[in-house]
Amino acid sequence: MLVVRKVNDGDSIDIFDWRNDALTRQMSHKTDYVEWDRHSNWFSTSLTNENRLLIMCEKKDTLEKIAIVRFDVDEGRALVSINLNPNQRGKGLAKVCLVNSINYFLKYFSDTKKIVAEIKEDNIASQKTFLGIGFKKYNLENNVGFYEKSLVISENKNGN
């Protein structure tokens, strides 16, 4: 069983380490190594940014950290990304982390109408994860696939 919570100061080192993992860097839009000072600045700014929500996904029984999920909100739309703890890859935990994180996110940003993700074409695992929870691919540009999930329930025009 997994639980989610807002990221706090105690998560900074883990997030720094995960971000600089070789595979994470390879699959990220920005592949460069992130220095500690730059990370610390980003982290503290992120915690106070009203349009960003960082969520930590953990195992309920051990509180072992599984992943960080980031949401950047802009006018009823949120860009989501997930970074798994490298030790937790391949265990099938990303989908449940994302679903739980989206539900948690919506408690704070209930007026969000759409969630989007940008995934490199060679990141097959992430593509499968997002498609598996209802995201649809709508564009491909510069080797990056664009995926979206609508949060608006359309009404049936027949009254059903």
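Asn-143 is partly exposed, with a relative accessible area of 43%; here buried means under 20% relative accessible area, exposed over 50%, and partly exposed in between, using a 1.4 Å probe and protein chains only. The residue sits in the loop between strand S6 (136-141) and strand S7 (144-150). The structure is a predicted model, in which local features need pLDDT of at least 70 and side-chain atom pairs count only at pLDDT 80 or more, while totals for chains, interfaces and linings use all residues. Residues are numbered from 1 along each chain as its sequence is written, and side-chain values use heavy atoms, leaving out hydrogens and water. Helices (H or I, at least four residues) and strands (E, at least two) are DSSP runs, numbered from the N terminus.

A positive phi is also found at Leu-63, a residue other than glycine, where the value is near 60°. Leu-63 belongs to the loop between S2 and S3. Leu-63 is also one of the residues touched by Glu-58, which is part of strand S2. Glu-58 is buried, with a relative accessible area of 6%. Not counting residues up to four places away in sequence, Glu-58 touches Met-1, Leu-2, Val-3, Arg-5, Leu-63, Glu-64, Lys-65 and Ile-66, contact being heavy atoms within 4.5 Å.

Attention now turns to helix H4. This helix has 15 residues (94-108) and should span 21 Å at 1.5 Å a residue, which agrees with the 21 Å between its end C-alpha atoms; the expected span is 1.5 Å times one less than the number of residues. Its buried residues are Ala-94, Cys-97, Leu-98, Ser-101, Ile-102, Tyr-104 and Phe-105. An α-helix has 3.6 residues a turn, so residues three or four places apart point the same way. The cover over the buried residues of H4 includes strands S1 (2-6), S2 (52-59), S3 (65-74), S4 (77-84) and S5 (114-120), as well as helix H5 (124-132).

H4 and H5 pack at an angle of about 50°, their axes 9 Å apart. The two helices are therefore oblique to each other, a term for angles that are not under 35 degrees (roughly parallel), over 145 (roughly antiparallel) or 65 to 115 (roughly perpendicular). Ala-94, Lys-95 and Leu-98 of H4 make the contact with Lys-128, Thr-129, Phe-130 and Gly-132 of H5.

Methods. Axes fitted to C-alpha atoms, helices over the stretch in contact; angles between N-to-C directions.
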